[in-house]
Amino acid sequence: MIENIKIVGTGSKGNSYIIRTDTGEKLLIEAGVSFKAVKEALNFDLTNISGALISHRHGDHSKEINNFIKYGINVYSNSDVNEKFNRVIVLKPQVAVKIGSFKVFPFNVNHDVPCYGYLINQGCDYILFATDTDKIPLTFKIPINVFMIESNYSEKVLFDKMIDDNKTQANTAHILDGHMSAEYANEYIMNHCKTYEYPSKAIMIHLSDTNSDVSVYDDIFKELRKTTDVIYANNGDEIEITESAPF
Ligand SMILES: [Zn+2]
Ligand SMILES: [Zn+2]
């Protein structure tokens, strides 16, 4: 059973997440913040770490991979990340693997370099992790109770800016390409909920500092927030998962 998720870092300055089970087993996601910060978040306990999943080669997700490996952590990702760092365990897309007590299903998402999303199962919990992608190309026929997905920007905030300010346009094209909007994240989750129960947590990650206005986001996720704890992740957050398990 998954007990909690720690947000060590999220956003373009660096990403790192820790999923902890009730037995103290840990699965790390991303290696984009200093290893010192990760160690602190682990209370300097580097035991019982099943591995680290990396989405793609960009520094805000991968820069500390060598330190992870140096400290004996198995690092898993796609072949592109292995080309950059070596000694990464390469996962095939859409082939499930067992990492400790976690079952991990990697799949390709859309970014400007090869990038994986991950469906993670532990006990009766299913977490969908996807970042640095404009869309989630697959739909899953299982009840996902925790979404950890990118909500980089609001289409509304961005389009309003485009009208105001010509300078933003070049940057805007870059964001739209390979990053997910809050509107899309909401639509994807709501679509899943047509068939399955609402998730207990929807953790919105990799928010842009400038294009993610909380009041706009509250409005975008208005319907989902009636049933689901929608969290706009901040560095240092610790999110309890078990408290809202459906029994
Ligand atoms: Zn990123
Ligand atoms: Zn990226």
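Seven strands of the protein form an open sheet with mixed pairing, in the order β7-β8-β9-β10-β11-β12-β13. Strands here are DSSP runs of E with at least two residues, helices are runs of H or I with at least four residues, and both are numbered from the N terminus. Two strands count as paired if DSSP finds at least two bridges between them. The edges of this sheet are β7 (97-99) and β13 (229-232), each of which pairs on one side only. From one strand to the next the twist averages 20 degrees, with axes taken as lines fitted to C-alpha atoms (for helices over the stretch in contact) and angles running from 0 to 180 degrees between N-to-C directions.

The model is predicted: local features need pLDDT of at least 70, side-chain atom pairs count only at pLDDT 80 or more, and totals for chains, interfaces and linings use all residues. Residues are numbered from 1 along each chain as its sequence is written, while chains are lettered from A and ligands numbered from 1 in the order in which they are written.

The protein as a whole contains eight helices and 14 strands. Its C-alpha trace spans about 50 × 45 × 30 Å along the principal axes. The radius of gyration is 17 Å, which agrees with the value near 18 Å that a compact globule of 247 residues would have; the radius is taken over C-alpha atoms, and the globule rule is 2.2 Å times the number of residues to the power 0.38. Of the 247 residues, 42% are buried. A residue is called buried if 20 or more other C-beta atoms lie within 10 Å of its own, exposed if 12 or fewer do, and partly exposed in between, with C-beta atoms placed from the backbone. Among contacts between residues at least 6 apart in sequence, 58% join residues at least 24 apart, a contact being a pair whose C-beta atoms, placed from the backbone, lie within 7 Å.

On one side, β9 (residues 115-122) pairs with β10 in the antiparallel sense over five bridges, and leucine 119 has leucine 128 as its bridge partner. These two strands form a hairpin with two residues between them, and glycine 123 in the turn has a positive phi of about 55 degrees. Strand β10 (residues 125-130) is also joined to β11 (residues 146-150) by four bridges, and this pair runs parallel. Within that pairing, phenylalanine 129 stands opposite methionine 148, and alanine 130 has isoleucine 149 as its bridge partner.

The parallel arrangement continues from β11 to β12, which are joined by five bridges; there valine 146 is partnered with lysine 201. Four of the five residues of β12 are buried. Strand β12 pairs in turn with β13, in the parallel sense, over four bridges, and isoleucine 203 stands opposite isoleucine 231. The chain passes from β12 through α8 to β13 in a right-handed β-α-β crossover; right-handed means that, with the strands pointing away from the viewer, the path from the first strand over the helix to the second runs clockwise.

The loop between α8 and β13 holds threonine 227. This residue is partly exposed, with 13 other C-beta atoms within 10 Å. Its C-alpha atom lies 9.5 Å from that of glutamate 197, 30 residues away along the chain.

Helix α7 (residues 182-192) has Ala182, Tyr184, Ala185, Asn186, Ile189 and His192 as its buried residues. Their cover includes β11, β12 (201-205) and α8 (214-220). In the largest nonpolar core, which has 61 residues, those touching the most other members are Leu128, Phe147, Met148, Ile149, Ile203 and Met204. Such a core is a set of buried Ala, Val, Leu, Ile, Met, Phe, Trp, Tyr and Cys residues joined through C-beta atoms within 7 Å. Leaving aside residues up to four places away in sequence, phenylalanine 147 touches Leu128, Ile189, Pro199, Ala202 and Ile203.

A further open sheet of seven strands, also with mixed pairing, has the order β6-β5-β4-β3-β2-β1-β14. Its edge strands, β6 (89-90) and β14 (238-240), each pair on one side only. Here β1 (residues 2-9) and β2 (residues 16-21) run antiparallel and are joined by six bridges, with isoleucine 2 opposite threonine 21.

Definitions and conventions
Contact = placed C-beta atoms within 7 Å.
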